[in-house]
Amino acid sequence: MDEITAPPRSAIRPSTFRPARHSSANFEIPLVDYVIGLVVNVPQLELYTHVSKDLEAWIERIKELYEEAEEEAAKITPELFREFMAAEQDGRTALLHQLKLIKVNTHGQAKSEWYDWKLQWVGQLHQEAERGFKALESDAKVLEGVTRQAREVLPQLRDEYQQIMRELEEEQKLVEEIENSDQDYLNELKATLAEQSAELEAFRVDVDESNAKLQRLREKSDEINSQKQETTSEIASLQRFIHVQKSSTRFEVYRLKDELEAMQDLHKWRITKVHSDLLEVIYTSTYRVSIPCAKHQPLLEAVKIEPVESSMTSTKHSFPALNALMLRTAQQLVSTLGEGCNVRKIVEFLGDYWSSCSQLLLQLKLMALKYPVSVKIAPSEPSNSAGFTAIASVMIPKVKAKALISFTLDTKTISRWPLSVGSVQCDVTVAYGPIQRDPILKAVLDRLGQANPGNNHACLLEACTEAMDQIS
């Protein structure tokens, strides 16, 4: 209401709300009063009406908020306050008395807790004081020992002090005598001492130079001795070479050549090239192995294995797919030998590998003499090692049936034959006829279970034969 700019009711003229009372009945209201009422009073009345309606709405809203606040206050008011407000005068007096008793009790408990804490604190102070007193007692005992030692040493130190003081007095007397003596003679002695010091310094310089020369001579002597040893070793090697040149004969050369050829035939290896960065050998005139080297260490990734062309054209292979597989497997196995592998280990490994392959091919050839044998190369995958499966077609004329007996060998089995004869995987497939698979597979597995590295000749052929006998 204070912000309303309309003039108060007292400022409004009475003529604006009601006409003035006139004695004459024929009095007419002037037109200016109508204009004033329309222009000034009507807007004020409309504003007053709107403001009064807003105030009434705010009053109703405040009443509702007040009721809600009372309800919320009643909900959160403690039970004790509600009881106090609901009780009569006597009940309020009793509640005040109880509250005073509770207050006194609480104060007493607080004082008791404070006294307990103070007692505990005093006890801790007593403990700290006892520990400090014990530490002081131990320090006092240590000080007593130090004092006792000091008292024992003190007379000796006093005697030494008196002796030092006497020596000091004597030296002071000598100094006084020297000062009182001839200064020219003293200056001459000082000059002589300075010259002697200079000569000593020159002698020290000469000694250092002599030591440096001696060190250089020793180093040169060691160098000459090392050169002498090298020269002596070279002379000895040349003398041995000259001795060999003088004492060797053509017969000895041929004998050594025949012995070399015999050793190569025995080990099935023949050396064709020997260089500082390349070694080339041939195995049984069939495979050529080239081993590049760097600082006398073989480079496994660059080792190259390839068949000899003359052996491929002159020899007819029963299983050409197996030859390609074994050649590829040999290349892969050499690249996985690892660091620290030398040329000797590579040659020995390849010799053992091809020996295993030749024995395994002999097994397949013996089996192919009686049964048709087909070879299926397994795909090489990162998770599985490459290998092959040999499938023998066994015919049973009596019952007019045919069975396919397969032997699966992986890379590890191929490279370690016949030590890995027990790891051969077998399977039997019935092509046609009234025969059962399980008896045939059992007969094959029983025969392979009897084979061992010392007794494995024609074990695959015998396994097929026993399976055929089991059916017939």
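1. Strand β4 (residues 297-298) runs antiparallel to β3, joined by two bridges. Strands here are DSSP E runs of at least two residues, helices are H or I runs of at least four, and both are numbered from the N terminus. Two strands pair if DSSP finds at least two bridges between them. Ala-294 has Gln-297 in β4 as its bridge partner. The β3-β4 hairpin has two residues between the strands, and Lys-295 there takes a positive phi near 55 degrees.

2. The model is predicted: local features need pLDDT of at least 70, side-chain atom pairs count only at pLDDT 80 or more, and totals for chains, interfaces and linings use all residues. Residues are numbered from 1 along each chain as its sequence is written, and side-chain values use heavy atoms, leaving out hydrogens and water.

3. β3 (residues 287-294) also pairs antiparallel with β2 (residues 278-283), over six bridges. Tyr-283 is bridged to Tyr-287 in β3. Three residues separate β2 and β3 in their hairpin, where Thr-284 in the turn has a positive phi of about 50 degrees.

4. β5 (residues 304-307) pairs antiparallel with β3 over four bridges. Arg-288 stands opposite Glu-306 in β5. Six of the eight residues of β3 are buried (under 20% relative accessible area, 1.4 Å probe, protein chains only).

5. Thr-389 lies in strand β7 (residues 387-396). Its relative accessible area is 15%, so Thr-389 counts as buried. Leaving aside neighbours within four places in sequence, its contacts (heavy atoms within 4.5 Å) include Ser-374, Lys-376 and Phe-407.

Key:
Buried means under 20% relative accessible area, exposed over 50%, partly exposed in between (1.4 Å probe, protein chains only).
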